[in-house]
Amino acid sequence: MPRFACSDRVAGQASAALLRLNVVGIVQQSGAHIPKIRIAGLRHEYRDRQTGASVLALDRVDLDVLPGEFLCVVGPSGCGKSTLLSIVAGLILPREGQVLLDGVRVQGPAASRGMVFQEFAILPWRTVEANIGHGLELRGTPKPERAKVVSRFIDMMNLRGFEKKYPHELSGGMKQRVAVARTLAADPEVMLMDEPFASLDAQTRITLEEETVKIGLITRKTIVFVTHSVEEAVFLGDRVAIFSRRPGRVKECVQVPIPREQRVWNDLVSDPRFIEARDRVTRSVREEVLAGGRDLDGARPHSSNLRH
Ligand SMILES: Nc1ncnc2c1ncn2[C@@H]1O[C@H](COP(=O)(O)OP(=O)(O)OP(=O)(O)O)[C@@H](O)[C@H]1O
Ligand SMILES: [Mg+2]
């Protein structure tokens with residue numbers, strides 16, 4: 001894989017993306033071709049301190065994400081997707097290579113990069129509104145201003161009436177909406193979402209996917225979204241990056257040629273552009289899963305890679 005294989009493609013598509021993004025007012029023309037996130041030559045190996053055994057999770061990962069872009073990442077289980085997000089979030093320092101945010105090297109966690117984790121990550125001892133306002137509270141935002149922001153997210157996430165409830169009183173979908181709202185309310189420049197809807201029922205998932213499209217358009221955030229569902233990736237993303245089996249690297253990127261304002265499930269499922277992109281991504285992921293034989297973690301290739 002040549003360095004910046006995906007980056008070059010992004011640069012080539014930048015003018016088309018610019019045009020589309022500007023139509024919906026997502027980014028200003030100036031600087032839009034400069035990546036918001038640049039991932040260069042990334043390699044990460046986990047080492048077991050006691051046994052000395054190592055697992056190479058990521059190798060030679062090069063990927064650019066444009067300002068305001070919604071990038072989805074798919075790939076076989078264990079190929080390093082969560083590791084990649086943790087590195088971009090600054091929670092893990094890579095063994096080799098680097099991540100640049102606006103040209104500045106990421107060296108640790110920062111409020112500018114909000115993460116929604118693979119498991120529910122809300123504080124069980126805090127109410128819905130206290131969870132949503134948590135990031136603002138940590139930042140010292142005055143109470144009246146915090147209340148206004150929290151109220152806006154309660155409405156955006158359809159959580160009105162549940163402000164004073166605790167997480168154990170909520171459904172799975174509600175908990176995940178609180179987790180998304182909590183990250184968004186802290187107003188990060190970049191949202192990193194790791195399979196946020198994986199554990200939800202199909203209907204809730206579709207609703208949240210449609211809400212995520214709207215949130216992306218309203219907030220203009222740069223979003224990196226990891227999922228096992230190819231349909232979800234193609235529904236949400238401007239572009240889908242397909243990772244190889246472990247050690248994960250970018251196998252190819254597929255552009256989804258449908259403006260994000262047109263992403264409504266009922267319209268899209270029969271749209272030939274959607275079907276074509278979905279089939280292409282499915283084939284590519286399937287190749288990786290099958291080429292792995294047994295999954296490298298010891299699991300059989302599982303259907304959730306192709307599900308939804
Ligand atoms: N903290 C850790 N210590 C040691 N090995 C780890 C650690 N975290 C992940 N790994 C290993 O690194 C590899 C990549 O893991 P990662 O969780 O990034 O994959 P993933 O693509 O997110 O998988 P999934 O789709 O199942 O969530 C796996 O082989 C995993 O076992
Ligand atoms: Mg993962």
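Modeller: Strand β3 (residues 70-74) and strand β8 (residues 222-226) run parallel and are paired over 4 bridges. Keep in mind that this is a predicted model.

Biologist: Thanks! Which residue of β8 does Phe70 stand opposite?

Modeller: Phe70 faces Ile223 there.

Biologist: And what is the strand order in the open sheet?

Modeller: The order is β6-β7-β8-β3-β9-β10, so to speak from one side to the other, in an open sheet of 6 strands with mixed pairing.

Biologist: Which strands stand at the edges, then?

Modeller: Those are β6 (113-116) and β10 (250-255). Each has a single partner strand, so one side of each has no neighbour in the sheet.

Biologist: What does the twist average from one strand to the next?

Modeller: The twist averages 20° per step from strand to strand.

Biologist: Let's look at β7. Why is β7 described as largely enclosed by the rest of the structure?

Modeller: Because 5 of the 5 residues of β7 are buried. Val190, Leu192 and Asp194 point one way from the strand, while Met191 and Met193 point the other way.

Biologist: How many bridges join β7 to β6, and how many to β8?

Modeller: There are 4 bridges between β6 and β7, which run parallel. Between β7 and β8 there are 5, and that pair is parallel too.

Biologist: Nice. What about helices around here?

Modeller: Helix α6 (residues 172-185) lies across β6 and β7 (190-194), and its direction is at about 175° to β6. Then there is helix α7 (residues 202-219), which forms a right-handed β-α-β unit with β7 and β8.

Biologist: Changing topic: which residues come nearest to ligand 1?

Modeller: Tyr46, Ser77, Lys81, Ser82 and Thr83 come nearest, out of 13 residues around the ligand.

Biologist: Which element gives the most to that shell?

Modeller: Helix α2 does, with 3 residues. Both β2 (54-65) and α2 (81-89) supply at least two residues each.

Biologist: And how do the shell residues divide into nonpolar, polar and charged?

Modeller: The shell around ligand 1 has 4 nonpolar, 6 polar and 3 charged residues.

Note on methods. Residues are numbered from 1 along each chain as its sequence is written. Chains are lettered from A and ligands numbered from 1 in the order in which they are written. This is a predicted model: local features need pLDDT of at least 70, side-chain atom pairs count only at pLDDT 80 or more; totals for chains, interfaces and linings use all residues. A residue is near a molecule or strand if its C-beta atom, placed from the backbone, lies within 6 Å of it. Ala, Val, Leu, Ile, Met, Phe, Trp, Tyr, Cys and Pro count as nonpolar, Asp, Glu, Lys and Arg as charged, and the others, Gly among them, as polar. Two strands pair if DSSP finds at least two bridges between them. Axes are lines fitted to C-alpha atoms, for helices over the stretch in contact, and angles run from 0 to 180 degrees between N-to-C directions. Two residues are in contact if their C-beta atoms, placed from the backbone, lie within 7 Å. A residue is buried if 20 or more other C-beta atoms lie within 10 Å of its own, exposed if 12 or fewer, and partly exposed in between; C-beta atoms are placed from the backbone. A crossover is right-handed if, with the strands pointing away from the viewer, the path from the first strand over the helix to the second runs clockwise.
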